[in-house]
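Hi,

Here is the structure I said I would pass along. Have a look, and my notes follow below.

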Amino acid sequence: MNSRRIFAVAYKEWREIVRDRLFLSLAFVVPVSLMLIFGYGINLDVEHIPFAVVDHDKSALSRDYLHRYIDSRYFAYQGDLASEREIGPLLADSRIRLAIIIPPRFEENLMAGRSVAIQTLIDGTFTFRTSSSKGYVIAINAAFNSELLGNYISQRLGIPLETAREMAQPVTAELRYMYNQEIKSVWSIATVLMMFVLMITPPFLTALGVVREKENGSIYNIYASTVTRGEFLIGKLAPYVGISILNILILWLMVARLFGAPFKGDPLFFFLASVIYVICTTGIGLLVSLLVRTQVAAMMMTVVVTVVPSVLYSGLLVPIASMDPAGQFEAHLFPAMYYTDIILGSFLKGVGMEQLWGKVLALLIYAIVLWTASFLMFHKRPKS
Amino acid sequence: MGQTSLVNDDPPVVRVREFVKRYRKLKAADGVSLDIRCGEIYGLIGPDGAGKSSLMKAIAGVLSFEGGSIEVFGQTIDSEAAAEKVKGRLGFMPQGLGLNLYPELSVEENIDFFAELREVTPVLLAERKRKLLAMTRLDRFLDRPMKLLSGGMKQKLGLVCTLIHEPDLIILDEPTTGVDPVSRRDFWTILTQLLRERDVTALVSTAYMDEAERFQRLSLMFGGLVVAKGAPEVILHDVPGTLVELTIAAQVDALVRLEKRFTQVEAVGSKIKVFVPDVTPQAASAQIQELLTGIKIEQIQVEKPRLEDAFIALLHRHHLSGKEEDSPAEMVWRDGVPPRGDGIAIVARELICDFDHFRAVDRVSFEVRQGEIFGLLGANGAGKTTVIKMLTGIRPPTGGAGTVAGADMRRASQSVKERIGYMSQAFSLYQDMTVQENLRLFARIYGVPGRQISERIDRVIQLAGLGPVCTQLAGKLPMGIRQRLALACALVHGPLVLFLDEPTSGVDPIGRRRFWKILVHLARVEHVAILLTTHYMSEAEHCDRLALMHAGKVIADDTPAALKTALEQEAGQVLDLAAEPVLSALEALEQAGFTDAALFGRRIHLLVKDVDEATARIRAWLSERDIRLLDITPRAPSLEDVFVYRILQQERQEATL
């Protein structure tokens with residue numbers, strides 16, 4: 001290893017990047033915009049579901065029932081309809097996602113002790129939102145039922161309302177959310193997005209940077225000179241790792257300040273783990289660049305090898321534990337999952353080295369394997 | 001063997017034996033053997049696909065190969081590790097104008113990077129940088145980003161970067177292709193000077209046949225084979241024959257007769273050149289006069305054959321020339337009576353095209369008549385392609401006007417556009433379709449009526465000699481035939497005006513001649529107006545009229561003969577001399593006031609008004625300085641002489657403004 005040659009390659013690369021305005025902005029603007037677009041775009045909280053009602057009863061009890069929806073922050077009341085016929089067009093237009101139909105003589109039947117069915121129509125096109133809506137409807141309905149029952153018991157037995165309600169609902173679930181008390185999905189999403197962005201941008205930049213040199217022929221300067229393979233790879237990639245380290249800090253700041261996720265762990269540990277992670281993802285870009293000849297091919301391949309695993313097998317959308325065994329196995333093959341655990345641990349759980357050393361080790365092994373493979377695949381005397 | 005034993009005692013710097021290189025199924029080099037001696041400039045000459053680049057890369061240790069052996073400085077290059085051992089003594093410049101340089105870095109940063117990579121000490125670097133930059137006249141542009149240099153300057157910078165660690169063997173892959181002739185001359189002078197100063201060996205490839213005389217020894221390559229090797233004189237000696245140059249009014253009739261007898265017949269502008277193998281000049285001239293009885297010969301002249309004639313004769317001898325198709329001169333091709341050759345087909349008036357930060361085309365004007373072959377000659381980046389794009393309506397001009405077939409191309413209707421044919425530089429062929437399918441597609445695109453399609457296709461197939469390959473895929477065709485298919489596609493709708501953008505770049509000499517045969521037929525028999533661009537000086541001789549383009553401007557516009565006459569009248573005749581040592585002679589001549597003296601291989605060219613007076617003065621001047629004058633003869637100027645003179649004239653004018 002000759003440090004002068006490494007420095008020569010790194011310095012040349014750095015100046016090329018800095019002079020190439022497009023490339024430079026790509027290096028910093030893209031990660032930030034990805035963070036902003038996905039951070040604000042993916043909101044998994046379902047609130048303000050627009051709904052309308054058809055109230056054939058128009059009694060005090062029916063209004064009481066409906067107000068439970070109207071007053072809820074999960075639903076947004078859009079108005080009363082005269083008949084069921086008006087529901088169809090509104091649902092089809094997506095102006096409402098839910099409609100509630102109160103049958104005639106709702107109050108009268110209930111008071112007479114007869115059960116009543118309330119027809120509730122839910123837009124089923126987005127299954128995730130549909131199941132949330134269904135959950136809210138069932139919960140509101142159950143609360144109404146238990147109140148009615150409580151009232152009835154209290155009247156019948158002549159005991160206080162409080163006691164009657166407790167009798168009607170002997171078991172209650174007491175929930176407490178750990179690590180993310182307000183269950184704000186943006187906290188979990190912004191932190192995991194950091195994994196996503198650092199998975200995609202370093203390989204992109206690296207693959208483009210190396211393939212560019214292959215594509216226009218300046219790689220022959222390297223092939224024909226006495227610089228060794230190792231010297232070239234280290235010098236060439238050092239600026240890209242440097243850019244990615246800057247990006248770690250920028251994204252960290254965004255997650256903490258812009259999206260307000262609390263950082264509870266050890267900053268030094270998290271920083272070092274993140275550096276290992278970007279060295280690892282830079283290695284993915286290097287490997288891609290050695291397999292292809294053109295910048296276009298490099299971009300396509302980088303998308304395939306980074307976006308898919310980081311979206312599907314990182315725990316970003318589906319928890320690893322809920323995957324089938326094959327999926328879990330695949331998830332363990334990609335570095336994204338380990339870093340997701342490190343991020344969530346450092347930000348929300350406040351755990352450090354003692355709990356996460358295994359994950360860091362996995363990333364480190366990953367980085368070593370990638371770089372070694374690249375070193376072995378890079379030849380200064382290729383076949384074509 | 002005896003007379004060369006002195007040189008042969010040294011082991012060769014490079015020894016190649018039975019070199020074979022394959023890219024999957026394609027054989028790029030098939031049993032190449034050669035020796036390169038210490039201190040010589042060794043040339044590899046051949047068209048694209050001859051295997052030159054593969055061989056050079058293998059010697060430079062940057063490409064592995066499948067068969068044979070290569071030794072460099074006595075080291076067998078058989079593994080990556082073995083190649084590394086000699087890389088410190090090598091300099092390699094790959095093909096492509098400035099492609100191995102870093103566009104965002106300045107001239108100086110580029111040089112510094114190469115120096116750092118090669119661990120040149122700062123003291124040595126400063127000294128070499130000063131010397132090389134002065135030599136290449138790049139010292140004024142130290143801080144300019146490489147991407148803003150002209151093609152010639154890029155190439156000189158590439159040379160500086162390759163030489164900065166003072167390698168013992170330099171390998172330059174097509175360093176002069178597409179470079180303007182002045183930069184090309186500079187390039188060769190610098191190279192020769194450097195080689196004389198130190199014991200450096202150079203391996204240089206070129207696609208230009210007329211650069212052969214710059215090499216001590218060379219290999220002519222074709223299709224992965226070495227067709228001939230040795231000193232240029234030796235190769236010429238192996239192919240005896242005479243070149244006969246004829247001026248005949250009834251050119252077509254003469255061509256028909258000559259082609260029945262001789263394989264190497266060429267129409268060059270108003271002249272016909274015939275290579276008559278194996279006979280003395282007298283016999284050759286007699287043979288031709290007998291053959292042409294009844295046709296009036298205005299002028300007949302015999303010349304020494306050029307290397308290109310020898311190359312073609314060798315290809316025929318080795319049966320590498322492919323099948324001869326029927327001569328197009330006998331065919332009648334378009335319906336009806338072709339328009340007679342007086343109308344003006346193309347007019348360019350004060351055409352201007354500005355790109356972001358520079359003017360690519362600067363007030364270009366010319367006219368092309370029906371039935372005329374008009375050439376735009378210039379280096380890469382001179383603005384040739386942009387002119388064609390403006391005339392064909394692909395790019396709107398910033399200023400000026402262009403009319404084609406009587407219509408302004410900016411507002412021309414589809415029907416006018418259908419009367420012109422355009423063959424672009426990048427192949428527009430569909431590689432996965434057969435020859436016939438390509439032609440059918442282009443016929444439909446150009447709106448040939450359905451009933452006529454088959455007939456038209458048959459005619460262009462016959463014209464371009466594509467009969468034997470009709471059902472083959474376009475992508476599988478060799479370069480020369482693909483070029484003819486592209487031409488056929490541009491012709492399928494029977495256009496009156498034809499635009500060809502570098503149609504023969506990289507094509508072998510036989511392929512080029514066949515291509516030209518078709519063009520001459522189109523112009524002479526069908527009276528099609530042809531506008532083409534080229535960077536081959538030798539090819540420009542074929543044009544009826546020429547416009548020399550340099551840095552966006554037309555710097556001269558006339559027939560090739562008139563351009564040469566004008567040069568002789570303005571600047572005098574070309575003196576061609578050989579002297580020993582040649583570099584001292586060059587320096588002495590410059591001191592004597594012959595500022596335009598230029599190195600041409602091992603010879604020197606200069607322009608003089610009075611041949612006798614100058615000859616006497618040079619003899620005296622050189623003998624005073626103990627420089628041996630081997631011979632000195634006046635010579636007809638070449639187009640390259642014209643071009644160089646006009647570029648320098650233009651630069652002087654601009655400098656005084």
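**Strand pairing in chain B**

In β5(B), Thr76(B) is the bridge partner of Glu71(B). Before going further, please keep in mind that this is a predicted model.

The pairing between β4(B) and strand β5 (residues 75-76) of chain B is antiparallel and rests on two bridges. These strands make a hairpin, with two residues between β4(B) and β5(B). One to click on is Phe73(B) in the turn, which has a positive phi of about 50 degrees.

β4(B), covering residues 67-72, also pairs with strand β1 (residues 14-23) of chain B. Five bridges join β1(B) and β4(B), and again the strands run antiparallel. If you want a spot to start from, Val16(B) has Ile70(B) in β4(B) as its bridge partner.

**A helix in chain B**

Helix α7 of chain B takes in residues 181-197, 17 residues in total. From first C-alpha to last, α7(B) reaches 24 Å, close to the 24 Å expected at 1.5 Å a residue. Most of α7(B) is covered, with 14 of its 17 residues buried.

**A surface patch in chain A**

Over in chain A there is a nonpolar surface patch of about 690 Å². Its members are Met353(A), Trp357(A), Leu361(A), Leu364(A), Ile365(A), Ile368(A) and Val369(A). Ile365(A) sits in helix α15 (residues 353-377) of chain A. Is Ile365(A) buried or partly exposed? Its relative accessibility is 48%, so Ile365(A) counts as partly exposed.

Cheers

Notes: Residues are numbered from 1 along each chain as its sequence is written. Chains are lettered from A and ligands numbered from 1 in the order in which they are written. This is a predicted model: local features need pLDDT of at least 70, side-chain atom pairs count only at pLDDT 80 or more; totals for chains, interfaces and linings use all residues. Side-chain values use heavy atoms; hydrogens and water are left out. Two strands pair if DSSP finds at least two bridges between them. Helices (H or I, at least four residues) and strands (E, at least two) are DSSP runs, numbered from the N terminus. Patches are made of residues with over 30% relative accessible area and no salt bridge: like charges are joined within 9 Å, nonpolar side chains (Val, Leu, Ile, Met, Phe, Trp, Tyr) within 5 Å. Accessible areas come from the Shrake-Rupley method with a 1.4 Å probe; for residues, only the protein chains shown count as cover. A salt bridge is a side-chain nitrogen of Lys or Arg within 4 Å of a carboxyl oxygen of Asp or Glu. Buried means under 20% relative accessible area, exposed over 50%, partly exposed in between (1.4 Å probe, protein chains only). The expected span of a helix is 1.5 Å times one less than its number of residues.
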